[in-house]
Amino acid sequence: MIVLKNVSFFYHTEEHKSGVYDINLTVPSGQIVMLCGASGCGKTTITRLINGLAPTYYQGELKGQILINNVDSSGITLYELSQKVGSVFQNPRSQFFSIDSTSEIAFGCENTGIPREEMYHRIGQVAKDLNMEYLLDRNLFALSGGEKQKIACASVAAMQPDIFILDEPSSNLDLRTISDLKEVVRKWKAQGKTVIVAEHRLYYLMELVDRIIYMEDGKIIRDMSTEEFKKIDEKDIHQMGLRSRTAIHFEEKEHTNKDETFSFTNISFSYKKYKFLDIPEIKIPFGAIVGILGYNGAGKSTLAKSICGLEKKTKGFLNYKGSIFSAKDWKNKSYMVMQDVNHQLFTESVLDEILLSMENDNEEAKQKADKILKDLNLEKFYDVHPLSLSGGQKQRVAIGSAIASGKELLIFDEPTSGLDYKHMLGVSKLMKNLSSEGKTLFIITHDPELLKECCDYLLFLDNGKLDWFGGWTQENADRVNSFFI
Ligand SMILES: Nc1ncnc2c1ncn2[C@@H]1O[C@H](COP(=O)(O)OP(=O)(O)OP(=O)(O)O)[C@@H](O)[C@H]1O
Ligand SMILES: Nc1ncnc2c1ncn2[C@@H]1O[C@H](COP(=O)(O)OP(=O)(O)OP(=O)(O)O)[C@@H](O)[C@H]1O
């Protein structure tokens with residue numbers, strides 16, 4: 001059982017007072033609870049209070065009492081707590097201790113003294129449950145975002161704790177893997193485990209959750225049974241900042257003609273000796289918003305990094321407005337917002353972060369930065385340190401830098417993975433504005449709502465190869481439907 005009694009927690013930051021307030025929450029053993037609410041409402045903070053990372057690792061002022069299985073968590077060490085509570089973080093990379101995937105899955109078991117034979121048995125079982133046997137014995141640094149997320153889920157599953165804390169576990173996963181994850185949660189439920197999931201994606205767990213906690217501005221606003229939650233009107237769900245509770249359906253769309261094209265030819269890239277990316281030609285209309293789709297590990301991020309010059313060994317040509325550029329010059333044309341935005345936040349304040357990607361920081365640049373931050377709903381964070389923001393807020397800062405860069409080809413790797421409905425719409429609107437200004441956008445996404453809102457072309461990658469490219473014809477809409485279901 002988990003009990004939070006009159007709990008308030010404020011992060012120790014000089015710039016802004018943030019955290020959660022007056023939290024009273026009792027979760028009986030065996031319940032599956034979903035925490036939801038807009039970006040920055042405090043979901044992650046609640047998970048950190050339960051797994052003890054706040055205030056042990058994330059320092060701040062804690063009031064009230066937290067009981068885990070009737071023991072006051074302030075009286076036990078993080079190590080003791082971690083044997084009862086297993087966590088998958090929003091950013092899987094931040095929880096890795098090992099270099100290879102199998103050692104990582106074994107790590108928690110080894111730490112709790114589980115016998116070797118039992119440990120190997122568990123590793124085999126979770127790898128099977130999550131359909132990830134092919135990811136065993138791999139270098140963790142050479143895995144895709146979704147593959148890392150799978151390892152993080154597997155390592156917690158192997159520990160078999162009483163309580164599972166999952167912070168947006170599905171955000172980098174393809175639908176096939178999400179459905180594997182759902183089955184794993186179903187298994188935990190049958191075993192009587194307690195599961196707390198903070199999520200923006202609601203639909204995949206709807207049939208498993210017992211209770212839904214809705215938060216706003218650091219407070220619990222509603223505590224509902226799943227039945228009550230299902231009765232809320234879809235319009236109100238979006239008003240609350242939440243994503244759809246049902247799967248999205250795609251249809252044929254009339255095509256806005258974007259006839260003039262540019263093209264990439266003979267793109268190739270190898271990891272070690274193995275030729276991974278191999279795309280003979282893609283012709284892209286200027287101003288297109290291209291959704292890049294594919295299963296976890298298909299090569300989406302690799303293609304994106306190649307296009308923006310981050311993979312130096314990429315070969316190929318860009319035929320752009322009458323000139324031909326070889327791969328080493330592509331970086332002058334393109335800017336990428338990475339999947340893990342922590343890699344590209346460098347400065348001390350949100351405003352500086354935006355100014356950093358502009359050519360100068362004169363008054364005109366400042367006004368432009370001001371507008372970008374307002375458009376992204378970040379104006380109250382001007383002077384805040386980017387790394388002290390919530391996941392979704394950081395993501396928006398990085399998008400702001402891309403806009404500020406003024407480059408013509410903009411690449412976004414999962415720009416809405418941690419975002420609520422309202423901010424997803426905000427990002428979509430920005431994408432459309434950028435396209436109407438003549439920028440061409442590539443958006444790697446596992447987010448069906450974003451895809452439907454703003455992408456007008458689709459590029460499907462499979463194992464490093466271009467499977468298909470095109471607009472929203474009936475055939476392509478059907479292909480996307482079968483990919484997302
Ligand atoms: N390490 C930190 N230091 C200071 N403030 C923080 C830190 N992490 C989060 N916050 C602040 O606490 C508040 C709640 O953030 P939290 O990460 O719990 O939200 P969330 O609901 O999980 O958001 P998201 O859906 O965007 O991940 C936000 O205002 C955020 O800026
Ligand atoms: N540094 C590396 N060395 C070797 N192989 C790598 C490296 N980085 C990625 N890979 C492999 O290349 C393949 C493509 O990875 P990539 O990150 O491009 O996939 P993705 O389509 O973006 O996946 P996701 O949806 O999970 O983010 C994966 O199988 C991955 O394991």
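## Residue I237 and its surroundings

I237 counts as partly exposed, because 18 C-beta neighbours lie inside 10 Å, a count that falls between the limits of 12 or fewer for exposed and 20 or more for buried. The model described here is predicted. I237 belongs to helix α9, which covers residues 234–239. With neighbours within four places in sequence left aside, I237 is in contact with I232, L242 and R245. I284 stands 47 residues from I237 along the chain, and the C-alpha atoms of the two are separated by 36 Å.

## Domain organisation

The domain assignment of the protein gives domain 1 (2–240) and domain 2 (261–484). The C-alpha centres of domain 1 and domain 2 are 29 Å apart. Contact between them involves 26 residues of domain 1 and 26 residues of domain 2. On the side of domain 1 that touches domain 2, helices α6 and α7 (175–190) each supply at least two residues. By class, that side of domain 1 has five nonpolar, 15 polar and six charged residues.

An unreviewed UniProt entry carries the annotation "domain: ABC transporter" for residues 2–242 and 262–485. In the model, the span 262–485 is 34% helix and 28% strand, and its end C-alpha atoms lie 33 Å apart.

## Nonpolar core

The largest nonpolar core has 134 residues, of which L35, A154, V290 and I443 touch the most other members. Helix α6 (residues 145–159) gives the most to this core, with eight residues. The core draws at least three residues from each of domain 1 (2–240) and domain 2 (261–484).

The contacts of L35, not counting residues up to four places away in sequence, are K43, I46, I196, V197, A198, I213 and M215.

## Ligand shells

Ligand 1 is surrounded by 22 residues, the closest being Y11, S39, T44, S390 and G392. Helices α1 (43–51) and α13 (391–405) each supply at least two residues of this shell. The shell around ligand 1 comprises five nonpolar, 16 polar and one charged residues. Domain 1 (2–240) and domain 2 (261–484) both give residues to the shell, and ligand 1 therefore lies between them.

Around ligand 2 there are 17 residues, and A142, S144, G146, S301 and T302 come nearest. Helices α6 and α10 (300–307) each supply at least two residues of the shell around ligand 2. By class, the shell around ligand 2 has five nonpolar, 10 polar and two charged residues. At least three residues of the shell around ligand 2 come from each of domain 1 (2–240) and domain 2 (261–484).

## Backbone features

The peptide bond from A54 to P55 is cis, with omega near 5 degrees. P55 lies in helix α2, which covers residues 53–56.

D22 has a positive phi, near 45 degrees, although this residue is not a glycine. D22 is located in strand β2 (residues 19–27). With 12 other C-beta atoms within 10 Å, D22 is exposed. D137, which is likewise not a glycine, has a positive phi of about 55 degrees. D137 is placed in the loop between α5 (116–129) and α6. D137 counts as exposed because it has 9 C-beta neighbours inside 10 Å.

Definitions and conventions:
Residues numbered from 1 in each chain as written. Chains lettered and ligands numbered in written order. Predicted model: local features only at pLDDT ≥ 70, side-chain atom pairs only at ≥ 80, totals over all residues. Core = buried A, V, L, I, M, F, W, Y, C linked by C-beta atoms within 7 Å. Helix = DSSP H or I, 4+ residues; strand = E, 2+ residues; numbered from the N terminus. Domains from an automatic or database assignment. Contact = placed C-beta atoms within 7 Å. Near = placed C-beta within 6 Å. Nonpolar A, V, L, I, M, F, W, Y, C, P; charged D, E, K, R; others polar. UniProt positions renumbered as here; feature names shortened; annotations may be inferred.
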